[in-house]
Amino acid sequence: MTLEIIGVSVLWLFLFLYVIVASIDFGAGFFNAYSAFTDKQHILTNIIQRYLSPVWEVTNVFFVFFFVGIIGFFPQTAFYYGTTLLVPASLALILLAIRGSYYAFATYGAKINHRGYIYMYGLSGLLLPASLSPVLAMSEGGFIKMKGDQPYLDYWALFTSPLMWSIVVLSITAVLYISAVFLTWYANKAGDVKATDLMRKYALVWAGPAIVTATGIIFELRGHNPEHYSRILDLWWVFAISFLLFIGTVYLIWKKKNYGLAFVLLVGQFFTAFFAYGVSHYPYLLYPYLTIYDSFTNEAMAIALIIAFIAGLGLLLPSLYLLFRLFLFDKDYVKGKSDYHA
Amino acid sequence: MGFEDTALLSRILTTMTLSFHILYATIGVGVPLMILIAQWVGIKKKDDHYILLARRWARGFVITVAVGVVTGTAIGLQLSLLWPNFMQMAGNVIALPLFMEVFAFFFEAIFLGIYLYTWDRFEDQRKHLLLLIPVALGAAASSVFITMVNSFMNAPQGFDLVNGELINISPLLAMLSPAVPTKVAHVMSTAFMTSAFVLASIAALRIVQGSTHVYHKKALLMTMKLGFVFSIATALIGDFSGKYLAEYQPEKLAAAEWHFETEDEARLILFGVLDGQEPKYAIEIPYALSILAHGVPSAEVTGLNEFPEDEIPPLWIHYLFDTMVSIGMWLAFFSFVYVVAAWRKWPIITKKWFRWLTVAAGPLALIAIEAGWWFTEVGRQPWILRGYMKTSEAATTSGQVDLMIILFAGLYFILGIGTIVVLSRMYKRNPVEKELAQRQKADKGGDPE
Ligand code: HDD
Ligand code: HEM
Ligand code: HEM
């Protein structure tokens, strides 16, 4: 394994973790807003606040990890993506700020539970994946172009691209699906029958759209980036495994059996698909300008970063274990029997 | 839009975001230590007041942390969005502390979540206190790492630039630049000092507003003592920072002091206005600049005339420096008077005007933080990486920075107002008197809440 591969794998892994934990967070916000809209708020709010409030900052750090890490391992990305992403990334920042301030002002703070705020928070959960995911489309090439030696983003090409829009739709459906499956499990653990039923229904509703859009993207790629498409076809068997895992999740949810396993299968489904997608994207970070090799940092820095990563992981894993043991796997806490908030 | 223009706009946006973030970041670094001390004193003295103090501070702290996280994420991304050329180079040389900072964030965020949601979950308060240590360490570590990045910008090392190529890169050397010792120490001590005075201001405000509960008096005395200790540390380390500047960035020190001719026995100039190269209406302290720069009254201090015209920072940083130093001196003096007066039971402390001076301490410290950072950052101009890259060469070429400025200005405005409104509402709805009464009732077997 070369240093380049280690670097990109670490980043891809953390991006994957962010996709999962952030999807839970984004989707939950949306379901919360939706149930407030249909006057069923009391069903979900508790569950959502018990799980999300203690962990959202950790979720956010996964995102920070990704963008700090990519500049560290692949500094040239700063030049191409930094220059072109000013507007989309700033919008994403504003949306993240809405979410962060909702936790700060509405759940920790003075409990400002104004409906408008709940809706904004919910809506930001859908708009965020929609504003972050176009970066994946851009990495396929054709949207970031050069004027002289300066890159710029061709908004017209981007906004008229079916590929971009299918990625946006996929990200939204995936967020809702991942979130619903997780919350079904969590609500079930909390012994909250009403919430479980509701979330189970949402999980089944969103399963179909999620898988259909995911398949759709592969076909969009055929026209947009044939090279990438053919590499995806080479990896068809990984996508097949991913599909089987998907069937497993839906089956368990449908049969109301073992929601924990259902969620694990779902993580497996996204993990396989996400990695197969990443591998087929190799070696490009941005078609056709940047590969992981020509944008890589120097060797001394790469080794230093990897050592720091291993040391950091040694600190991180036990802490995360503790966090999850206290808030995810602790029966009394999940059930809301004990409230120890400062 | 021209190149220069986007550089100026990018500077405005960076300044805005950092100036906003630094207020929350400073509190984020300092307050965990204050909570730690209060809770520890409470356990030692078996005094419920201090424990409740820690608990109420912690509640407010979550809110400032959350805004700190939001604005921190903004600045983290904006550095790449607005300064892509700089980050491309920085990524090659100084990425290590930035990367390590993320782990410090993880550590802090995880344990903060645990700490907040486990009050009274343990029989033994000390176990709960232990959970706060990683929070304080994580916050301190993140400020150490980010300050290392900033130090590198001021005194770059750990690489060679040959024909535009970076070679001989040493991440460790880059991380441990000569600016690190004074900068890190000064940033940490000012964070502790500022947090202590901000908390003191809150207690003093409650007393001014008419609360007579001993709880506030205990809080005030404790924070003023801490503020005194850290303001002495700050002044001492600030003096070392001056010596660092004299050696490594003499142009910054000279600009701050309007010191044009290289000379020995240099005087220190406070405030005043500049007429050509002559300061007017200024307070002058003989020999003081030589002492600040080198520790001896006779030492020679490099003047601005030694530097090319286009490498001199703007001269108005003089006022920033003076503001910072004056506030530092004042707060050290004032907190000393307070502590002595409290100990000797002088009636002066109970005077209303004196209370109001105490209320002013926190905002003053925050102003000093802003002045200090502006001084360092503007004083580095025209360089973004001193001696290697000019700020104007580092900026993005994107044409939409002006729109983003408006967008983020709106965001920070709302977040700033929101913080104040939410914090004051939170404490007004649940005043300490009420909470103490409830706890006593609970202890006697009444209904909890
Ligand atoms: C509460 C805030 C505060 C107070 C009271 C002081 N400072 Fe300060 N100062 C800072 C907050 C600060 C800061 C915000 O932390 C800075 C900005 C960048 C840095 O490294 O620290 C800083 C920078 C800074 C620098 C520039 C370092 C550099 O550019 O590398 C010098 C020379 C001093 N300070 C000196 C002093 C002196 C002699 C003080 C006398 C009491 C003083 N400061 C009080
Ligand atoms: C250009 C400079 C800076 C960058 C890029 C930056 C970046 C960030 C980021 C990304 C976060 C959010 C982390 C999360 O998601 O949990 C954050 C929060 C934080 N930053 Fe900054 N920061 C900068 C300056 C500073 C400075 C100078 C300090 C310390 C003096 C500091 C201290 C903190 C702290 C303690 C937090 C955690 C939130 C809190 O406790 O308030 N930052 N920063
Ligand atoms: C958190 C504390 C900091 C504050 C409050 C701060 C403040 C400022 C200010 C006021 C400016 C504008 C200077 C001018 O326009 O003349 C500036 C510029 C800048 N700072 Fe800092 N700074 C901090 C730390 C850092 C750190 C740690 C970094 C690096 C990672 C950094 C990177 C920059 C950059 C890239 C610019 C733009 C170029 C420039 O105008 O100098 N700053 N900062």
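A polar contact is a pair of N or O atoms within 3.5 Å; within protein, one atom must be able to donate a hydrogen and the other to accept it, and residues adjacent in sequence count only if both atoms are side-chain atoms. The views below show a predicted model, in which local features need pLDDT of at least 70 and side-chain atom pairs count only at pLDDT 80 or more, while totals for chains, interfaces and linings use all residues. Residues are numbered from 1 along each chain as its sequence is written, chains are lettered from A and ligands numbered from 1 in the order in which they are written, and side-chain values use heavy atoms, with hydrogens and water left out.

**View 1. Surroundings of ligand 1.** Ligand 1 is surrounded by 26 residues, a residue being near a molecule or strand if one of its heavy atoms lies within 4 Å of it. The closest of them are K183(B), H186(B), K252(B), M324(B) and T376(B). The side chain of H186(B) places a polar atom 2.9 Å from a nitrogen atom of ligand 1. Oxygen atoms of the ligand are approached by polar side-chain atoms of K183(B), at 3.0 Å, and of K252(B), at 2.8 Å. At least two shell residues each are supplied by α7 (180-208), α8 (214-248), α11 (317-344) and α12 (352-378) of chain B; helices (H or I, at least four residues) and strands (E, at least two) are DSSP runs, numbered from the N terminus. Helix α8(B) gives the largest share, eight residues. By class, the shell holds 13 nonpolar, 10 polar and three charged residues, where Ala, Val, Leu, Ile, Met, Phe, Trp, Tyr, Cys and Pro count as nonpolar, Asp, Glu, Lys and Arg as charged, and the others, Gly among them, as polar.

**View 2. Ligand 2 between the two chains.** Ligand 2 lies between chains A and B. Of the 25 residues around this ligand, N60(A), H21(B), G72(B), E108(B) and I146(B) come nearest. The iron atom of ligand 2 has a single protein donor, NE2 of H21(B), 2.1 Å away; donors are N, O and S atoms within 2.8 Å of the metal (3.2 Å for Na, K and Ca), and water is not among the atoms, so sites may look incomplete. H21(B) belongs to helix α1 (residues 3-45) of chain B, and a side-chain N or O atom of H21(B) is also 3.0 Å from a nitrogen atom of ligand 2. Oxygen atoms of the ligand have polar side-chain atoms of N60(A) at 2.7 Å and of E108(B) at 2.9 Å. Helix α2 of chain A and helices α1, α2 (48-82), α4 (95-116) and α5 of chain B each contribute at least two residues to the shell, with the largest share, eight residues, coming from α2(B). The shell comprises 15 nonpolar, nine polar and one charged residues.

**View 3. Surroundings of ligand 3.** The 19 residues around ligand 3 have R11(B), T15(B), E377(B), R380(B) and Q381(B) as the closest. A side-chain N or O atom of Q381(B) is 2.4 Å from an oxygen atom of the ligand. Helices α1, α5 (125-154) and α12 of chain B each provide at least two shell residues, and α1(B) has the largest share, with five. In class terms, 11 shell residues are nonpolar, five polar and three charged.

**View 4. The largest nonpolar core.** A nonpolar core is a set of buried Ala, Val, Leu, Ile, Met, Phe, Trp, Tyr and Cys residues joined through side-chain atoms within 4.5 Å. Among the 250 residues of the largest core, F31(A), F65(A), I35(B), F86(B), F106(B) and F408(B) touch the most other members. Its largest share, 19 residues, comes from helix α2 (residues 41-73) of chain A. Leaving aside residues up to four places away in sequence, F65(A) touches V10(A), L11(A), F14(A) and F309(A), as well as F99(B), V102(B), F103(B) and F106(B), contact meaning heavy atoms within 4.5 Å. A second, separate core of 27 residues includes A155(B), Y244(B), A246(B) and A254(B).

View 5. S101(A) is part of helix α4 (residues 86-108) of chain A. S101(A) counts as buried because its relative accessibility is 8%; buried means under 20% relative accessible area, exposed over 50%, and partly exposed in between (1.4 Å probe, protein chains only). Apart from residues up to four places away in sequence, S101(A) touches A106(A), Y117(A), V70(B) and L415(B).
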